[in-house]
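Here is a short briefing on selected local features. Please read it alongside the coordinates.

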Amino acid sequence: MNSANNHYDKDADMRYLSLLSQSFPTIADASTEIINLEAILNLPKGTEHFLADIHGESEAFQHVLKNASGNIKRKVNELFAGDIRETEKKELCTLIYYPEQKLELIKASEPDIDDWYHITIHQLVKVCRDISSKYTRSKVRKSLPADFSYIIEELLHERADDTDKAAYVNVIVDTIITTGRADDFIIALAGVIQRLAIDQLHILGDIYDRGPGAHIIMDAMQRYHSWDIQWGNHDILWMGACAGNNACICNVLRLSLRYANLATLEEGYGINLVPLATFAMDVYGDDPCEEFQPKLLKGNRMDEKTRQLTAQMHKAISIIQFKEEARIFNRRPEWGMRDRCLFENVDYERGVCIIDGKEYEMNSNHFPTIDPRNPNKLTDEEQELMDKLHHSFAVSEKLHKHIRTLLSHGCMYAIYNSNLLYHASIPLNDDGTLKEVEIYKGKKFSGLELMLNIGIMIRAAFENDTDKEERDYAIDYFLYLWCGKDSPLFDKSKMATFERYFLKDKDTYKEEKGNYFKLRDNETVCDRILDAFKVRGTNRHIINGHVPVHASKGENPIKANGKLMVIDGGFSEAYHKETGIAGYTLVYHSRGFQLVQHEPFTSAADSIRQGTDIKSTTQIVEMSAHRMFVADTDKGTELRTQIEDLKKLLYAYRHGIIKEKR
C-alpha cells in the first residue's frame with residue numbers, strides 16, 4: 001500500500017469518502033468526474049466585472065451590466081471587423097442590450113423583416129458562440145432559457161459554413177421565423193449573451209443613496225446569476241435603518257430629501273412620509289429653511305411649493321437626526337464621539353456655536369423644537385414622529401428582503417484570485433502599520449480580524465437569538481460604521497454634516513482623511529495590508545471604491561505601482577462636475593486587467609433610439625504573460641482539491657475499502 005500513499009492515506013476521513021461515494025457511486029462515475037474537472041482546469045478564466053459606488057443610478061448601472069463595460073461591444077467589433085458597417089455593429093450591440101425595445105423600432109421601419117431576422121439571428125448566434133467558448137457545455141446549458149435551450153445549443157455547436165450542416169442550420173432559423181418565434185428567440189439569445197459575458201460580478205459597495213433607483217438595482221441583483229458585494233457606508237446606513245437604528249433612519253431620510261429623491265423610500269419600500277410632511281409644515285411652516293433647499297439633479301423638476309416642503313422636511317429630520325445621534329454617542333462613550341453632540345455647544349440667545357473654545361456664527365438660529373437646557377431631548381411630537389417612522393421601516397417587507405439579500409451575498413471584504421476587495425479603507429497608524437480598533441467590550445482588532453469581527457457584529461443585529469445586550473450594541477454600531485473616526489467605511493476625523501448646515505465658517509467643514517487615504521500610494525503599505533489578509537500570488541492587488549477619482553485634475557486611479565486600483569463608479573450625477581467623468585469600472589478576463597473610464601450616461605431611451613452607448617476609454621492595467629486558465633484561479637485550486645479527493649475515492653473502490661454502489 002505504500003506505493004499508493006499519494007492517492008490514499010489509510011487514516012483519511014472515511015466518513016467524508018463515504019459521503020463522496022453517494023455522489024459518485026461507481027468507479028466509472030468518479031473517473032468521469034475527474035476527466036470533467038481536469039478539462040475544466042484548461043478552459044480560459046471567466047471574466048470578472050468590478051463595479052463600485054452605484055448610488056441608486058439604476059439606468060446607468062443596468063446599461064453597464066448589459067454592455068459588460070464595453071466587453072460585448074469589443075467582441076462584436078472583433079467578430080465582424082470588415083464584414084458589416086459601423087452603424088450595423090452599433091445596431092447589433094443595442095439589440096443585445098435592449099432586445100424588446102429595439103425590436104419594436106426595427107419592426108416599425110424594416111421593409112423585409114424576415115430577411116432581417118435571418119441575418120440577425122445568425123449574427124447573434126456567432127456572438128453567443130464566441131462568448132460561450134470559455135465555458136463547459138454543461139455551464140452554458142444551465143444558462144439557456146427553457147423554451148429555447150435545445151435550439152440554441154444546436155445552433156451554438158453547428159456552423160452554417162459547414163456545407164454538410166448548412167441546410168440543417170438554415171432550416172432551424174427559417175422555422176423559428178415562420179412559427180412566429182423570432183422575437184422571443186432574439187430576446188432569449190440576447191439574454192444569454194449578456195449573462196455569459198460576465199462570469200462573476202463584484203460590487204464594491206454603495207448601491208444606496210443619491211440616485212432614485214436603489215430598489216430597482218436590488219431587484220436586478222436578486223435575479224443576477226453570480227455576484228458578491230463588499231458593503232459600503234451607504235449600504236450600512238440602510239442596513240442600520242432596517243435593523244431599527246433611529247439615527248440611521250434619520251440619515252437615510254435626510255439624504256433622500258437632500259437630493260430630492262424619494263422614489264426608493266416611497267415607491268420602492270412603501271415608507272410613509274406623510275407624518276414627516278405634516279410635522280414639518282406645522283413646525284417649520286414659516287421657516288425659509290435656506291440651508292436645507294434640496295439639490296436638484298438632472299431631470300428632477302420641482303415646483304416652488306414642493307421644493308419648500310422638501311426643505312422643511314429636510315430640516316425637521318436633520319434636527320431629529322442630531323438628537324438621535326447624540327443619544328447614541330452618550331450611550332457609547334467608548335466611541336469617543338461625544339464631541340459631535342454639537343447642539344450642546346450652541347448659545348441659542350447669541351446664535352453662535354462654541355467648538356474647542358472658539359465661537360462660530362450660525363447660519364440661522366431658528367430651533368423651535370430644542371430646549372437649550374436639554375438640547376438632545378426629542379419633543380413629544382418628534383418622539384411620536386420617530387415612532388411612526390421606525391414602524392414604517394420595521395414593516396417594509398421589501399426593504400427587509402433586500403437587506404437579507406445584501407447579507408447573504410455580502411461581507412466587509414473578499415479575496416478573489418489574488419485580489420483583495422473592500423469598499424473604503426483599512427485603518428492604519430501614522431507609520432502605516434495596521435491600527436487596532438475597539439469593537440465591543442474592550443476587544444480590539446486590526447486588519448483581517450477587524451473586518452471579520454465587524455461582519456459578525458453586523459449580522460448579530462439581525463439575529464433574534466443574539467444576546468440582547470450584544471444585539472442592542474450591534475444595532476447602535478451601524479452609526480459608528482457610518483461616521484466613526486476609525487470605521488473602515490468612513491476613516492475621517494469627523495462627518496461635518498452639522499457644520500455644513502449651521503456654521504458660516506467653511507473651515508469647519510473640513511473632514512481630515514485617515515492614514516489609509518494618505519498612505520495608499522505607498523507600495524510597502526499596500527503589501528503590508530495584502531500580507532495581513534493572507535493574499536497570495538505574484539500579481540496581487542487591492543481593489544476598492546468609496547472616494548471619487550478626480551480625473552479632471554489628473555488623479556490616477558492606479559496607485560502604489562499598480563498594487564491598488566480605485567474604481568469608484570462615479571455613477572451618481574452629483575459627482576460628475578467634481579470628477580469630470582462618470583467614474584471607472586474594471587474588467588478582469590483571461591488576458592489581464594482592463595480599466596474602463598466612462599463618460600456620463602444619457603439614457604436607455606437614447607441608446608435604444610440612436611444606438612448611443614456610454615462613451616468609454618479602456619486603459620490596459622496589466623496584461624498576463626500567458627492567457628489565464630481556470631487552473632490559475634481560486635476555482636482551479638478548489639477543483640484540484642476535488643480531483644485529489646476523487647482519486648482517493650478511486651483508490652478506496654479499487655482496494656475494496658469502499659464498495660461500489662452499482
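Strands here are DSSP runs of at least two residues, numbered from the N terminus. By that rule, Lys559 sits in strand S13, residues 558–559. The model is predicted.

**Lys559**
- Buried means under 20% relative accessible area. Lys559 has 10%, so it is buried.
- Leaving aside residues up to four places away in sequence, Lys559 touches Arg520, Asp521, Leu564 and Val566.

**Cavities**
- Two cavities of 30 Å³ or more are found in the structure.
- The largest cavity holds about 110 Å³ of space.
- Its lining is made of Asn251, Gln321, Phe322, Glu325, Phe329, Met337, Arg340, Cys483, Met495, Thr497 and Phe498.
- Helix H17 (304–331) and helix H22 (497–502) are the elements that each give two or more residues to this lining.
- H17 supplies the largest share, four residues.
- By type, the lining of the largest cavity has six nonpolar, three polar and two charged residues.

**Helix H14**
- Helix H14 covers residues 246–258.
- Its 13 residues should span 18 Å at 1.5 Å a residue, and the end C-alpha atoms are 18 Å apart, so the two agree.
- H14 is mostly covered, with 12 of its 13 residues buried.
- Among the buried residues of H14 are Asn246, Cys250, Asn251 and Arg254.
- Asn251 is also listed in the lining of the largest cavity.
- At the start of H14, a side-chain oxygen of Asn245 comes to within 2.9 Å of the backbone nitrogen of Ala247.
- Ala260 follows H14 and has a positive phi, near 50°.

Notes
Residues numbered from 1 in each chain as written. Predicted model: local features only at pLDDT ≥ 70, side-chain atom pairs only at ≥ 80, totals over all residues. Heavy atoms only, no water. Buried < 20%, exposed > 50% of the residue type's maximum accessible area, 1.4 Å probe, protein only. Contact = heavy atoms within 4.5 Å. 1 Å grid on protein atoms, 1.4 Å probe; cavity = no way out; pocket = protein on both sides within 12 Å on 5 of 7 lines; lining within 4 Å. Points joined across faces, edges and corners; volume = space filled by probe spheres on them. Nonpolar A, V, L, I, M, F, W, Y, C, P; charged D, E, K, R; others polar. Expected span 1.5 Å × (residues − 1). Polar contact = N/O pair within 3.5 Å; in protein donor to acceptor, adjacent residues only side chain to side chain.
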